[in-house]
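Please open the structure in a viewer and keep a selection tool at hand.

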Amino acid sequence: LALSAARKFGFADQLMAGKLAGVESIVAQFQDTTQALKYSLVPTIAAVDGMALGGGCEFIMHCDRAVASLESYVGLVEAGVGLLPAAGGCKEFALRAAAEAKAGGNSDVFAPLQRHFQTIAMAQVSKSAEHAKELGYLRPSDVIVMNRFEVLHVAKAQAIAISEAGYRPPLKTRGIPVAGKPGIANFKAAMTNMRTGDFISGHDYEIGSRIATVLCGGEVEAGSLVDEDWLLDLERKAFMELMATEKTQARIEHMLNTGKPLRN
């Protein structure tokens with residue numbers, strides 16, 4: 001689904017033509033779009049029914065509220081084609097891990113980050129909207145409805161209610177504590193064991209390493225404070241590094257041609 005959309009908007013065509021600069025421009029525009037959803041002057045509501053994969057999932061994660069039918073299948077699936085979420089998906093999970101640590105009275109963000117890393121690195125797709133909450137794609141405040149034909153009605157009611165309650169857009173998040181270099185090292189150590197046991201490929205390790213780097217805020221000291229733009233820059237840089245590799249390009253081409261993932 002995500003790759004079909006990519007081909008439609010010229011993303012895959014530019015990739016196969018070697019125009020990586022054009023791809024990076026599209027990624028930056030995608031990031032700007034999700035940030036606009038998050039900081040819009042009016043409430044943004046995602047009405048979800050069926051599949052919402054890749055960029056669709058990132059749109060949901062940046063809206064003020066999601067209203068999803070129970071039979072919604074949500075996920076960040078980019079790792080399956082040799083990439084990572086780069087429209088704010090990794091960034092949002094880093095923010096949520098920091099918020100979870102703070103809510104638990106813990107200054108160490110690594111523990112909640114482990115679950116989010118696994119979700120992204122394994123390209124997990126929820127089996128229902130309830131499962132999407134467990135995976136962290138949906139928040140506790142998001143609404144789940146049983147009847148898919150009620151989704152738009154409930155979404156509209158949510159928009160009106162939030163607006164009439166005196167909606168103000170959130171302030172840009174700053175001072176986000178990150179796991180830094182020790183967190184990256186821990187993730188890499190775990191993946192090295194998996195690589196040794198032949199549970200993941202060499203390229204899986206490269207993808208996971210870049211996901212870990214973004215989620216942990218880059219090569220900084222543990223507990224360093226960063227902002228959203230810092231994390232978005234890391235996302236875009238890691239995405240483009242993977243995009244330039246032959247193995248990621250082979251995975252993308254294989255998925256476009258066969259609809260099946262390539263393990264290389």
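A pocket, on a 1 Å grid over the protein atoms alone, is an open set of points where a 1.4 Å probe fits, with protein on both sides within 12 Å along at least five of seven lines; its lining residues have an atom within 4 Å of a point. The model is predicted: local features need pLDDT of at least 70, side-chain atom pairs count only at pLDDT 80 or more, and totals for chains, interfaces and linings use all residues. Residues are numbered from 1 along each chain as its sequence is written, and side-chain values use heavy atoms, with hydrogens and water left out.

First, select Lys38, Glu92, Leu95, Arg96 and Ala99, which lie nearest the centre of the second largest pocket among its 25 lining residues. Helix 5 gives the most to this lining, with 7 residues (helices are DSSP runs of H or I, at least four residues, numbered from the N terminus).

Next, select Ile60, Val74, Leu84, Tyr137, Leu215 and Phe239, which touch the most other members of the 59-residue largest nonpolar core. Such a core is a set of buried Ala, Val, Leu, Ile, Met, Phe, Trp, Tyr and Cys residues joined through side-chain atoms within 4.5 Å; buried means under 20% relative accessible area (1.4 Å probe, protein chains only). Apart from it lies another core, of 5 residues, including Val145 and Val151.

Finally, select Cys57. The structure holds 0 disulfides (pairs of cysteine sulfur atoms within 2.5 Å). The cysteine sulfur nearest to that of Cys57 belongs to Cys90, 11 Å away. Cys57 is buried, at 0% relative accessible area, and Cys90 is likewise buried, at 0%.

Key
Buried < 20%, exposed > 50% of the residue type's maximum accessible area, 1.4 Å probe, protein only. Helix = DSSP H or I, 4+ residues; strand = E, 2+ residues; numbered from the N terminus.
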